[in-house]
Amino acid sequence: METNEGIGRPTPEEAAAALAAADEAGAAGDTPFPGWAFPATAVLLAAVMLLQADWWHPAVGAVAALAVLAGLLFAVSAGERRDRRLGVKPRVSPADQVALALPVALLWVAGQFLDEGRPWLWAVLAAITAVWVLGYGAFWTRRARRAR
Amino acid sequence: MKTEEGPADGFDATIHAPNRLRICALLDRVQEAEFAVVQERLGVSASVLSKHVSVLMDAGYVKQNKAVRDTRQRVWLSLTRSGRAAYRDHIAALRAIVGEG
């Protein structure tokens, strides 16, 4: 078994070889998100935005909110089942989480301040949210493919 | 020429051992991975992986969670926060040695 004995600062050639080995092993760990993950997230977040508009009949709003909640639970459950089947849980870095969620949160806050008399604003914000999440998903997938 | 270095520059002798470096590299890309998947993707035996994981756990770099699935116990491995930081510092130290840093 490898021990720490004799492990000192490597030469540039040894360091380059170690980096290459680490890159190869890292690529072996790459596990993409399922193709439906970002579209499902986009639909759910857009639906949450649309539900903020006050044009819904309360009963319709309640049913829609329940449908969104059920969709969210189903998506989370499907994701966990996939992770267990593959034996790998993909990682989203904190930077990626912030980059994805912060603009959506800012849109939601802006909507809360600007929606007075403009319920259509939520449809615009929902569309922007969906496009943002889908665009980020495409960027994330392309970056993950490039890293492999 | 090899010279011994302390952890100050990010170089970490515990991580640098070839198999441990590969384990950390794989775990750095995931949130969590099952023991058997790590073994298969790195092409190492269960005993070798187990020994290296023990060393990394003793260093506080890797943690394991046990979960039962299909009546069998599965072991999931992940890097700890300090393990991820140590691995990335180590990679930065290697890049600096190569001259990329």
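Two strands pair if DSSP finds at least two bridges between them. Helices are DSSP runs of H or I with at least four residues, strands are E runs of at least two, and both are numbered from the N terminus. With those terms, Val30(B) in β1(B) is the bridge partner of Pro90(A). The model is predicted: local features need pLDDT of at least 70, side-chain atom pairs count only at pLDDT 80 or more, and totals for chains, interfaces and linings use all residues. Residues are numbered from 1 along each chain as its sequence is written, while chains are lettered from A and ligands numbered from 1 in the order in which they are written.

**Chain B overall**
- Chain B has five helices and three strands.
- Along the sequence, the pattern of chain B reads α-α-β-α-α-β-β-α.
- A box of roughly 50 × 25 × 25 Å, taken along the principal axes, holds the C-alpha atoms of chain B.
- Chain B has 101 residues, and 40% of them count as buried (20 or more other C-beta atoms within 10 Å of a residue's own; 12 or fewer is exposed, in between is partly exposed; C-beta atoms are placed from the backbone).
- Among contacts in chain B with a separation of 6 or more, 54% link residues 24 or more positions apart. Two residues are in contact if their C-beta atoms, placed from the backbone, lie within 7 Å.

**Annotated domain**
- An unreviewed UniProt entry lists residues 20–98 of chain B as "domain: Winged helix DNA-binding". UniProt positions follow the numbering used here, feature names are shortened, and annotations may be inferred rather than shown by experiment.
- Residues 20–98 of chain B are 61% helix and 27% strand, and the end C-alpha atoms of this span lie 20 Å apart.

**Where chain B meets chain A**
- In chain B, 36 residues are in contact with 27 residues of chain A.
- At least two residues each come from α1 (13–16), α2 (18–28), β1 (30–34), α3 (35–42) and α5 (81–98) of chain B.
- α2(B) gives the most to this side of chain B, with nine residues.
- The side of chain B that touches chain A has 17 nonpolar, six polar and 13 charged residues (nonpolar: Ala, Val, Leu, Ile, Met, Phe, Trp, Tyr, Cys and Pro; charged: Asp, Glu, Lys and Arg; polar: the others, Gly among them).
- Strand β1 (residues 88–90) of chain A and β1(B) run antiparallel, joined by three bridges.

**Val38(B)**
- Val38(B) is in helix α3 of chain B.
- Val38(B) counts as buried because 25 other C-beta atoms lie within 10 Å.
- Leaving aside neighbours within four places in sequence, Val38(B) is in contact with Ile23(B), Leu26(B), Ala33(B), Leu49(B) and Leu77(B).
- Val38(B) and Lys66(B) are 28 residues apart in sequence and 15 Å apart in space, C-alpha to C-alpha.
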